Every structure is written in C-alpha cells, then in structure tokens.
Amino acid sequence: MLSALTRAVADGRLGMDERLRVAAVRQQRLAELMERNPGEVLRQALSPAARAALAPELRGLVEEDESHEGLLEVFHEDGPQGGAYHYAVRKASGQRLALRFAGGGPNLLTGTSVRVNGIRVEQALALGGSGSVEVLGLPVLPSTFGEHKVLVILVRFLDTPATTASPTVASVQATMFGTTGTAVNNFYRENSYQQTWLTGTVVGPLLLSMNGASCDYNRMATLARQAATTVSGVVLAQYRHIVYSFPSSGCQWWGLGSVGGTPGEAWVNGCPLSGGRVARAGSQLRALSLPRPRVRVGGHGRVVQQPSTTATSLT
C-alpha cells in the first residue's frame with residue numbers, strides 16, 4: 001500500500017491536488033507505522049534525490065533525512081505486556097522529537113548531549129540503531145547516597161469521572177515517606193543499608209487542562225509542574241525527583257520513569273496511593289530515576305559506595 005502511495009506522489013501525470021491528497025495520506029500511514037515498525041519506515045523512505053525532484057509544495061508532506069542536536073530523554077515503562085524503553089531528543093529551542101529505533105536503543109541516560117540522524121515523519125525520527133546517535137557530552141551523575149527530596153503531584157484530568165476518588169495527601173505521604181513496611185522510603189533505606197532515604201512533599205489533587213485519554217505524559221508533566229508552582233506555591237528547584245500520580249487514563253502502562261535526568265521523573269497510572277493498593281503503588285513509585293544504590297561491604301565491615309550509571313526503573 002505504501003509503495004503504491006509513494007509511486008502516486010511522484011507520478012507527474014496526476015494533478016497536483018490529487019498528489020497532495022495522496023502525500024497527506026501517505027504521511028499519516030508512515031506516522032502510524034513509525035510507532036510499531038520504524039525499520040519499515042526507513043525502508044519505505046524516499047531517497048534525497050527523489051525528494052528533491054518533487055514539486056516544492058509536495059516536499060513538506062514527505063519524510064526527510066535530518067540531523068538534530070539536543071539532550072536525550074530516556075524513559076522506561078512497565079505494564080501488562082512487560083517493559084519497554086522510549087527515547088526522545090529535546091533541542092535547545094524546546095522542540096521535542098520522539099526517537100524510534102529499528103534496532104536497539106542506546107545505553108545512555110537522560111540528559112546526555114547527543115546528535116541524532118534519522119528519517120523524520122512529523123514529530124518523530126526513525127533511526128537504524130544506537131549507531132545513529134553520536135554522544136557529544138555526558139550528564140553529571142547525582143550522588144547515590146544521602147537524602148533525596150521528592151515532590152509528588154496528585155492530578156486529575158478534564159475527563160476524569162467525578163465518581164473517581166483521589167487519594168488523600170496524608171495516605172500518599174505515608175506510602176512515599178514512611179519508615180516501615182512497604183513505604184517507598186523504607187525500600188531505599190533497606191536496599192542501601194540505611195545510606196539512601198527519601199523526604200518530600202505531596203500536593204494536590206490538581207486539575208489539569210487536558211484529557212487523560214491522550215496519554216500525553218510530556219504535556220501532563222508540564223501542566224502539573226505549572227499547577228504545583230502557581231496553585232500550591234511549590235519551589236520546584238528544591239526537589240531532585242518529581243512523581244505524577246493520576247487516575248486511570250489512556251496510557252497502557254502502569255508506570256513510567258525517566259532513566260536519569262535532573263529532576264528524575266515518574267508517572268503512576270491509575271493507582272490510588274492508599275489503602276489496600278499500597279503494595280502496588282510502592283512498587284510503581286520506586287521508578288524515581290534515583291541512581292540505584294549499589295553497595296558493597298569493604299574490609300572491617302566498611303560500607304563502600306560503588307559508581308552507578310544506571311537509574312532505578314522498577315515500575
């Protein structure tokens with residue numbers, strides 16, 4: 001089907017209106033294909049020569065081989081179908097492009113300065129593999145041990161049913177920062193031999209001017225941070241990690257966490273953080289993009305911190 005559309009776009013015997021219509025349909029098909037098979041997008045892409053031969057009004061509707069520089073964003077999701085990684089590059093202008101790898105993605109952290117080369121369709125790039133990413137600079141890794149301040153923002157959407165209850169601030173405070181049982185703070189204390197712990201603040205629930213059905217987690221984070229600042233008076237710079245907790249949405253995953261990043265971010269989907277679901281909530285909220293405590297015991301029982309280049313992603 002795509003091959004036929006590609007031929008029609010280049011067919012000079014067709015009228016321009018028809019070719020523009022076909023090009024728009026083809027662009028949409030490529031955008032849909034990008035989500036599930038970026039390798040096929042690379043195979044179906046027009047060559048630079050073929051694109052250059054098109055009329056100027058058609059070029060804006062076809063893919064293009066592009067190179068971009070910016071900061072890498074890496075996320076890990078966990079859900080019913082297992083785990084998966086997602087990548088994007090954020091340019092200095094603020095523009096964000098999703099990265100879809102035909103092969104395996106790079107083993108890098110959020111905040112790495114990169115140059116990427118791929119085939120662009122709308123707001124995404126198809127790349128052949130990690131070889132399509134050039135590292136320009138590595139991020140400074142935060143300290144693993146000590147206090148980690150976390151901001152938890154409880155949010156609701158315009159399409160959240162009125163009957164859907166939000167957890168109380170007190171219950172989430174206990175789940176996140178308690179010192180016993182399944183509390184997230186207790187998880188980090190136990191796994192670091194008391195060397196790493198969480199403190200922080202819970203705000204909300206805050207109503208965001210978006211529908212949750214879209215699962216636009218990037219916009220969700222932007223709106224939640226804005227609301228926390230303007231409505232709740234939060235100073236974001238005081239926190240090393242931000243957690244967004246929300247009722248069931250269009251997202252197909254249970255939890256999503258950035259791998260590295262300043263601040264580290266985590267999204268918890270459809271999980272009231274109280275009552276009988278504390279265990280599940282605690283498991284998801286461990287995706288705080290904290291450098292995972294890696295500890296060994298040296299001579300005379302001395303606890304020694306080992307370098308960590310991997311963020312915790314235990315959603």
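Tutor: Let us begin with a backbone angle: tyrosine 193, which follows α7, has a positive phi near 55°. Helices (H or I, at least four residues) and strands (E, at least two) are DSSP runs, numbered from the N terminus. This is a predicted model, in which local features need pLDDT of at least 70 and side-chain atom pairs count only at pLDDT 80 or more, while totals for chains, interfaces and linings use all residues. Residues are numbered from 1 along each chain as its sequence is written, and side-chain values use heavy atoms, with hydrogens and water left out.

Student: Which residues of helix α7 are buried?

Tutor: Buried means under 20% relative accessible area, exposed over 50%, and partly exposed in between, with a 1.4 Å probe and protein chains only. In α7, residues 184-191, the buried ones are Val184, Asn185, Asn186, Phe187 and Tyr188.

Student: How should I read strand pairing, and which strand does β1 run antiparallel to?

Tutor: Two strands pair if DSSP finds at least two bridges between them. Strand β1 (residues 64-79) is joined to β4 by eight bridges, and the two run antiparallel; glutamate 64 faces arginine 120 of β4. β4 is also antiparallel to β6 (residues 133-137), through four bridges, with valine 116 and valine 133 as bridge partners. Three bridges link β4 to β5, again antiparallel, and there valine 121 is opposite alanine 124. β4 and β5 make a hairpin with two residues between them, where glutamate 122 in the turn has a positive phi of about 55°.

Student: Why does glutamine 123 count as partly exposed?

Tutor: Glutamine 123 counts as partly exposed because its relative accessibility is 44%. This residue sits in the loop between β4 (113-121) and β5 (124-127). Contact means heavy atoms within 4.5 Å; beyond residues up to four places away in sequence, glutamine 123 touches Gln95, Arg96, Leu97 and Ala98.

Student: Which cysteines are joined by a disulfide?

Tutor: A disulfide is a pair of cysteine sulfur atoms within 2.5 Å, and by this rule the count is one. Cysteine 215 is joined to cysteine 251, with S to S at 2.0 Å. The link is right-handed, with 110° about the S-S bond. Both cysteine 215 and cysteine 251 are buried.

Student: What is the volume of the largest pocket?

Tutor: On a 1 Å grid over the protein atoms alone, a pocket is an open set of points where a 1.4 Å probe fits, with protein on both sides within 12 Å along at least five of seven lines; lining residues have an atom within 4 Å of a point. Grid points are joined across faces, edges and corners, and a volume is the space filled by probe spheres set on the points. The largest pocket has a volume of about 820 Å³. Its lining comprises 37 residues, of which Glu35, His86, Ala98, Arg100 and Tyr217 are the closest to its centre. β2 gives the most to this lining, with seven residues.
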